[in-house]
Amino acid sequence: DTEGLLRIKEENQKHYRRAQRHQEKKEKIQRHNRKLGDLVDKKTYELKTQYEHLANLRRSHILELTSVIFPIEEVKTSMRDPADVSSESDNAMTSSTVSKLAEARRTTYLSGRWVCDDHNGDTSISITGPWIILPNNGDYSAYYNWVEEKKTTQGPDMEHNNPAHTISAALCYATQLVNTLSLILDVNLPKKLCNRQVKTQQGNLEFCGENLSRHRFTRAVKKLNANILHLCFSQHVNLDLLHPLHTLRNLMYLVSPDTENLGR
């Protein structure tokens, strides 16, 4: 029994010494983990600082781009409310008729359905200049109506103020701006739109090439609107400000200096 007790004591001493070595290893590992944790915190702070610096650079580039090359502004139109004009011409007009005319002014027949837009007729959004504008309500029917008229009318087009020209130019500039913004922000666009003057198997570039049919034009506009919305979502633009049909207005909100997360 005495010999067995001595063996047990020796084994206990071996386990105790081994436990001390394990404790030392544990403390060494904990010190190493604390050093790694401090290093990770330092690197994380440096990375966050670099992200903020990169976001500020992107933001400054975008604001310079949209102030010098692609300025986007809201243009007030000089259209008068039909209710006001009619009431002046007919003093006996009832108030219900005036209210119906005002409501009709705020309603647009777009893509087979009636769309209510409080800004209809009041403002337009310009890009690169006050003469290149898009309707605020997203109604670009003037373009494909003009294309259909061109098919039946022979001879050169001498109408330089044709709204179809300004719509085509505005959408082309918007496409160029969106593609440039995707490069600056490093955001991949969900839809591909060409804005270079090259001949491809599918035809010329969108909007600024040959006259597009109604189907191709509508399809290209939808792709452009989808790209703009995708950029707005990536920069956390307030969703209450966005509308799926307001091409330049959404773009204006995206590049606005008031957009806090622009450049993220």
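Which residues of α1 are buried? They are Gly4, Ala55, Arg58, Arg59, Ile62, Leu65 and Thr66, where buried means under 20% relative accessible area, exposed means over 50% and partly exposed lies in between, with a 1.4 Å probe and protein chains only. The views below show a predicted model, in which local features need pLDDT of at least 70 and side-chain atom pairs count only at pLDDT 80 or more, while totals for chains, interfaces and linings use all residues. Residues are numbered from 1 along each chain as its sequence is written, and side-chain values use heavy atoms, with hydrogens and water left out.

View 1. Helix α1 covers residues 2-68; helices (H or I, at least four residues) and strands (E, at least two) are DSSP runs numbered from the N terminus. The end C-alpha atoms of α1 are 97 Å apart, which agrees with the 99 Å that its 67 residues should span at 1.5 Å a residue, the expected span being 1.5 Å times one less than the number of residues. The buried residues of α1 pack against β1 and α5, contact meaning heavy atoms within 4.5 Å.

**View 2. The sheet β1-β4-β5.** Three strands form an open sheet in this order, with antiparallel pairing; two strands pair if DSSP finds at least two bridges between them. Because β1 and β5 stand at the edges with a single partner strand each, one side of each is left without a neighbour in the sheet. Three bridges join β4 to β5, and Ile125 stands opposite Leu134 in β5.

**View 3. The largest nonpolar core.** In soluble globular proteins, nonpolar side chains tend to be buried together. A nonpolar core is a set of buried Ala, Val, Leu, Ile, Met, Phe, Trp, Tyr and Cys residues joined through side-chain atoms within 4.5 Å. The largest one here has 43 residues, and those with the most contacts inside it are Ile127, Tyr143, Leu171, Leu181, Phe217 and Leu251. Its largest share, 10 residues, comes from α5. Leaving aside residues up to four places away in sequence, Leu181 touches Ile62, Leu65, Leu231, Leu251, Leu254 and Val255.

**View 4. Helix α7 and its surroundings.** Seven of the eight residues of α7 (residues 247-254) are buried, and the helix is thus mostly covered. Among these buried residues are Arg249, Asn250 and Leu251. The buried residues of α7 pack against the strands β1, β4 and β5 and against the helices α5 and α6.

**View 5. Two aromatic pairs.** A search of the whole structure finds two aromatic pairs; rings of Phe, Tyr and Trp (its six-membered ring) pair if their centres lie within 6.5 Å, and planes under 30 degrees apart count as stacked, over 60 as edge-to-face and the rest as tilted. The rings of Phe70 and Tyr173 have their centres 6.3 Å apart and their planes at 65 degrees, so this pair is edge-to-face. Phe70 lies in the loop between α1 and β1 and Tyr173 in helix α5, 103 residues apart. Phe70 is buried at 7% relative accessible area, whereas Tyr173 counts as partly exposed at 30%. The rings of Tyr143 and Phe217, with centres 4.2 Å apart and planes at 15 degrees, are stacked. This pair links helix α4, which holds Tyr143, to helix α6, which holds Phe217.
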